[in-house]
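User: I have a few questions about the terms used for this model. Please set each one against its definition.

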Amino acid sequence: MKKRRTGFGSLLLACVLFLLNGCGKQTSDSTEIRVTFFDVGKGDAILIETERHSVLIDSGYDDTSEIILDYLAERKIQRLDYMILTHFDKDHVGGADRILEAMDVACVFQPDYKSDSKQYLEFLETMKDKDMRAHLVVITERLNLDGVDFLIYPPQQSEYETEDNDFSLVISMTYGNRSFLFAGDCEEERLEELLSQAEFGLSHDVLKVPHHGRKEKNTLDFLYAVSPKIAVFTCPENMKLEEDIYVTLENLGTKIYLTGKGTINLSMTTNLILFTYGKSSEPLLNRLRIKENASDRIISCHCLDCSRKKYQIDKYLQNENHNFPSPFQSIFLS
Ligand SMILES: [Zn+2]
């Protein structure tokens with residue numbers, strides 16, 4: 001089924017001004033950011049916490065919204081600066097209405113197309129109740145939040161052979177030398193667009209694998225172009241990965257993680273990624289804060305309970321075994 005985008009040209013300038021003046025306050029000197037890939041089954045919900053801002057990419061299903069809200073409460077986050085809905089399938093937009101009802105959301109970004117999915121209509125209804133208007137992404141948007149750069153890429157075409165998936169917004173996030181690519185549910189046509197956009201450097205450290213790991217004709221080309229060090233599949237624990245995808249990532253030396261094995265809670269400075277992964281209900285990283293000083297060769301992890309240094313890592317020893325006790329895992333990215 002083909003879908004058509006709505007017109008939007010006249011609001012473009014207003015939206016650019018809105019972005020400059022409204023949501024994106026500039027700052028720097030952040031020492032640590034956190035990225036949480038929630039376990040919401042075969043669906044996406046990803047929270048990014050910079051020093052002073054919070055961004056949610058997709059909202060999971062209607063009945064998994066409590067997982068996100070509980071975590072936000074635990075982290076004492078009462079306001080989302082941005083909620084970016086990559087597209088309007090129920091596993092991406094399903095929890096949006098409940099999140100909007102439960103907390104303050106400053107800006108909602110969405111692609112510019114129409115959908116009649118039940119969950120999308122519920123989201124629209126809640127937006128209306130709250131007297132909010134989503135920002136439609138029709139040109140590449142740039143945000144800088146506490147030194148973290150976001151590029152939000154809209155679909156380039158007004159029609160696709162597939163339904164909603166190819167309208168996915170694609171988000172590239174860069175922090176120092178580190179980079180993440182969140183690829184929504186892109187299918188073949190949209191992946192081709194990304195592969196052919198010369199200005200869009202596809203190489204990233206961490207990839208949220210498109211469409212829960214479903215293989216398209218050009219998926220392997222895409223994986224080679226991204227060459228991620230870490231690949232996150234938002235899918236159930238028992239989902240069997242496509243053999244070709246698995247082998248390609250193995251060949252690239254990529255570490256593979258599935259949200260179905262537990263929410264992935266990741267804390268990152270410009271060189272170190274420290275994370276917990278598993279079914280534990282307690283986000284153990286909440287007890288640690290990573291500090292990395294550009295002039296120092298040591299990265300230190302401070303215990304927030306007792307404020308003592310717990311672990312130190314020599315930046316120049318670039319192996320991947322830093323003897324963090326279980327359940328922490330660390331990946332040093334040089
Ligand atoms: Zn999906």
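Analyst: Of the 334 residues in the chain, 41% are buried. The model is predicted: local features need pLDDT of at least 70, side-chain atom pairs count only at pLDDT 80 or more, and totals for chains, interfaces and linings use all residues. Numbering runs from 1 along each chain as its sequence is written.

User: What makes a residue buried?

Analyst: It has 20 or more other C-beta atoms within 10 Å of its own; 12 or fewer makes it exposed, and in between it is partly exposed (C-beta atoms are placed from the backbone). In helix H7 (residues 219-226), Thr219, Phe222, Leu223 and Val226 are buried.

User: Why do the buried residues of H7 line one face of the helix?

Analyst: Down the axis of H7, they fall within an arc of 100°, so they share one face. The arc is taken over directions from the helix axis to the C-beta atoms. An α-helix has 3.6 residues a turn, so residues three or four places apart point the same way.

User: What covers that face?

Analyst: The cover of the buried residues includes strand S10 (178-182), helix H6 (188-196), strand S11 (206-208) and helix H8 (243-252). Helices (H or I, at least four residues) and strands (E, at least two) are DSSP runs, numbered from the N terminus.

User: Which strands pair with S2?

Analyst: Pairing needs at least two bridges found by DSSP. S2 (residues 46-49) has four antiparallel bridges with S1 (residues 33-37), and four antiparallel bridges with S3 (residues 54-57). Therefore both count as paired with S2.

How values were computed. Contact = placed C-beta atoms within 7 Å.
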